[in-house]
Amino acid sequence: NSNEEYLKFVIVGHVDHGKSTLIGRLLYDTDSLPEEKVEEIRLVCEMLGKDMEFGYVMDHLEEERDQGITIDTAQVWFNTDKRNYVIIDAPGHVEFVKNMITGASQAEAAILIVDADEGVKEQTKRHAYILSMLGLEQVIVVINKMDLVDFSEERFIEVKKELIHFLENIGIEPSYVLPISASKGDNVAKRSEEMNWYKGMTVLQALDTFEVTPSANESPMRFVVQDVYNFTKRIIVGRVESGIIHKGDNIIVLPSGEETVVASIEEFLAEPTEAETGRATGITTRDKLFFDRGNVVCMQSAPDQLPVVTDTIKARIFWMDKTPFTSGDSIYFRCATQEVTCSVEINSVMNSSTLEPVIFNEGEQAVIKNREVAEVTIKTTKPIAVDNFNEIQTLGRFVLGYDDTCAGGIITEL
Ligand code: GDP
């Protein structure tokens with residue numbers, strides 16, 4: 001295709017339900033693997049006396065990355081006639097949940113995979129919960145390994161029912177539910193000859209119906225400051241998290257609220273007139289205001305679209321550290337480049353896979369354990385400039401931690 005557009009998606013699901021195999025299959029069926037690679041994998045499988053195992057594709061890509069060669073497994077590419085795709089996050093990656101929750105991998109769509117034989121498991125539910133927490137709406141459910149259940153429509157309906165029931169509870173309405181066999185290729189790129197009872201789309205057809213998220217260029221401008229350099233002129237370096245910043249813009253710096261004008265946009269050997277969302281860039285200003293890492297630069301012209309400067313927020317957090325968290329513990333809060341210490345009051349706690357509330361008896365200290373979700377009130381030691389997650393994701397999400405990240409969260413109320 002000649003389309004420049006690409007859609008980023010993740011594949012999530014319980015361990016061994018077939019994530020790697022589906023990735024391998026997608027790459028193979030769209031001719032996205034180098035010929036030598038395919039041959040190499042075929043030989044390995046033959047040696048082991050196995051059918052071609054698509055899971056090996058991922059293992060091999062992983063290996064290449066370890067050797068520092070070409071392929072970054074964090075981003076695997078393929079394309080259809082319609083557009084290009086990027087699969088984010090190699091499955092089995094230890095940091096997988098962390099990347100999702102902290103926004104390191106910003107997917108626009110997801111495939112939730114379930115083993116037809118094993119049915120819905122704990123991680124199926126947990127990963128689905130994370131998709132719902134992050135507001136992902138373009139979701140395809142694939143019931144995989146249909147070959148193991150004799151391509152039975154009855155079994156498909158059974159698993160589908162169980163999963164849909166859970167997804168309803170967390171507010172996810174999948175766009176499609178497909179019976180597939182990732183290892184045999186049924187209903188991935190080609191229609192299955194074994195499941196004539198299924199009249200719907202293949203995985204690729206379903207993906208092609210999704211929309212690429214409109215560019216954050218249209219959103220209110222947020223430029224977050226990383227650093228300030230004093231050369232012959234003083235350059236404020238940062239990243240445009242949303243919107244577009246232009247030379248000549250009347251800007252306001254938060255949390256101080258001081259105002260000035262963008263005198264220039266500075267890039268290596270260039271002075272562009274604007275910088276779009278996602279761009280790491282530098283600016284100079286007309287007045288010599290005080291700038292510091294963590295400051296957020298916005299437009300004066302849209303006073304109702306500014307972030308809120310506050311020291312108290314309500315949020316939902318996903319705890320992902322082995323050491324539980326207790327109310328009152330002091331911990332760091334990081335949102336874009338803003339980093340402050342904060343205290344966290346626990347309002348309620350829930351199991352992220354059963355969705356059951358965790359009950360604390362009277363007098364018992366509330367704690368959040370690994371993989372639990374909590375509604376909390378956060379008080380920061382200094383004012384921060386933040387947005388509601390529903391409005392501007394990059395300034396509406398944050399992480400909590402000590403040396404390492406322990407939780408990811410989204411701001412639900414300001
Ligand atoms: P992951 O942990 O979710 O990445 O799962 P893998 O892709 O590694 O698959 C786990 C196992 O299931 C491997 O042995 C695969 O060969 C097998 N598998 C994956 N998809 C299918 C399928 O459609 N049919 C059958 N029979 N086995 C499959």
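Trainee: How far is a polar side-chain atom of lysine 145 from an oxygen atom of the ligand?

Mentor: The model is predicted, with local features needing pLDDT of at least 70 and side-chain atom pairs pLDDT 80 or more, while totals for chains, interfaces and linings use all residues. Residues are numbered from 1 along each chain as its sequence is written, and side-chain values use heavy atoms, leaving out hydrogens and water. For lysine 145, the distance is 3.0 Å.

Trainee: What percentage of the ligand's area does the protein bury?

Mentor: Accessible areas come from the Shrake-Rupley method with a 1.4 Å probe. Taken alone, the ligand exposes 580 Å², and the part of this buried by the protein is 78%.

Trainee: How many of the 11 residues of helix H1 are buried?

Mentor: Helices are DSSP runs (H or I) of at least four residues, numbered from the N terminus. Buried means under 20% relative accessible area, computed with a 1.4 Å probe and protein chains only. Lys19 and Thr21 are among the buried residues of H1. H1, residues 19-29, is largely enclosed by the rest of the structure, because its buried residues number nine.

Conventions: Buried < 20%, exposed > 50% of the residue type's maximum accessible area, 1.4 Å probe, protein only. Helix = DSSP H or I, 4+ residues; strand = E, 2+ residues; numbered from the N terminus. Polar contact = N/O pair within 3.5 Å; in protein donor to acceptor, adjacent residues only side chain to side chain.
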